[in-house]
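Some words used about a protein model rest on cut-offs. Which cut-offs, and how does one get from a value to a word?

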Amino acid sequence: GPSRAVFAMYESAARFRKACRHRDRRRPLVLAVKSEDFLAGVEAMLPAFEALGAAIHAAAVKDVLGNVHKLRRNGATSRPIPDLVLEDYAKDLQLHPDSSAQAFVWLFRILKFTADFFHRLVHQSDQSLSTSLTRAYDSTLGKHHNVVMRSIAVALMQIIPDKADMVYCFGLPDFDHLKPVLTHWLLHVQPVLDRLHAFHGDLKLKFPDGPSREHHFFHDAGLLLPAPAST
């Protein structure tokens with residue numbers, strides 16, 4: 001039957017949905033995201049990386065949990081993450097490796113990479129698993145890794161299972177059964193990514209001097225996503 005990776009995807013989607021359920025008209029939309037549910041949603045997706053092999057799973061766990069721990073240590077269990085990021089800007093600490101700003105931006109890079117990868121699997125199913133993963137990496141995380149990190153990532157992506165083995169690791173009979181699982185997760189992660197636009201707009205209001213440090217910070221991080229298409 002379905003493996004814990006499948007249950008992890010549904011749990012992650014549920015936590016993202018819960019994180020974005022709150023509404024507060026007095027604050028920008030992104031500040032209404034519940035920090036703990038967001039962090040739990042990111043954590044919950046980690047078992048899905050087991051289907052990509054032990055090496056990639058270990059790297060994902062290290063990166064995700066490291067940044068989640070930084071945010072919780074800095075107060076995200078009781079305060080909105082964007083408030084912590086704005087405080088880092090106010091103190092000129094946004095580039096410090098232990099800052100909430102850096103932990104936040106790396107989590108979003110990882111989340112954007114994961115969403116890009118799953119989207120390619122669903123909508124470009126003729127591609128090999130390695131091709132989908134490499135192209136997702138090149139368009140997201142790869143832009144922000146130095147030469148050494150890119151070399152390690154490229155090496156890891158060469159030793160992943162094929163698509164049939166990935167489906168087997170999810171405990172499903174074929175890829176057609178995996179598609180709805182990935183699609184469900186993508187549906188509920190999208191509102192989290194949408195709130196990034198709201199946060200960027202709020203930063204522009206709070207830091208009007210200059211096209212500015214916060215613009216370049218989010219642009220360089222690959223976080224200025226296109227607005228979602230209207231339906």
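Reader: What should I know about the model and its numbering?

Author: This is a predicted model, in which local features need pLDDT of at least 70 and side-chain atom pairs count only at pLDDT 80 or more, while totals for chains, interfaces and linings use all residues. Residues are numbered from 1 along each chain as its sequence is written, and side-chain values use heavy atoms, with hydrogens and water left out.

Reader: How many helices and strands does the protein chain have, and what counts as one?

Author: The protein chain has ten helices and zero strands. Both are DSSP runs numbered from the N terminus: a helix is H or I with at least four residues, a strand is E with at least two.

Reader: What makes the span of H5 agree with that of a helix?

Author: The expected span is 1.5 Å times one less than the number of residues. For the 24 residues of H5 this gives 34 Å, and the end C-alpha atoms are 34 Å apart, so the two agree.

Reader: Why is H5 called largely enclosed?

Author: A residue is buried under 20% relative accessible area, exposed over 50% and partly exposed in between, with a 1.4 Å probe and protein chains only. In H5, 20 of the 24 residues are buried, so the helix is largely enclosed by the rest of the structure. Of the 231 residues of the protein chain, 50% count as buried.

Reader: Why is Asn 67 called buried?

Author: Asn 67 has a relative accessible area of 9%, so it falls under the 20% limit and counts as buried. Asn 67 sits in helix H3. It touches Gln 102, Ala 103, Trp 106 and Leu 107, leaving aside residues up to four places away in sequence; a contact means heavy atoms within 4.5 Å. Asn 67 and Leu 107 are 40 residues apart in sequence, yet 6.7 Å apart in space, C-alpha to C-alpha.

Reader: Is His 188 buried or exposed?

Author: His 188 has a relative accessible area of 14%, so it is buried. His 188 belongs to helix H9 (residues 175–206), and it touches Ala 13, Phe 16 and Arg 17, again not counting residues up to four places away in sequence.

Reader: What makes the phi of Asp 92 worth a remark?

Author: Most residues other than glycine have a negative phi. Asp 92 is not a glycine, although its phi is positive, about 60°. Asp 92 lies in the loop between helix H4 (81–90) and H5. At 47% relative accessibility, Asp 92 counts as partly exposed.

Reader: What makes a space a cavity, and what makes it a pocket?

Author: On a 1 Å grid over the protein atoms alone, a cavity is a set of points where a 1.4 Å probe fits but cannot get out; a pocket is an open set with protein on both sides within 12 Å along at least five of seven lines, and lining residues have an atom within 4 Å of a point. Grid points are joined across faces, edges and corners, and a volume is the space filled by probe spheres set on the points. The largest pocket holds about 610 Å³. Its lining has 23 residues, with Ala 59, Asp 63, Leu 141, His 145 and Met 149 nearest the centre. H3 gives the most to this lining, seven residues.
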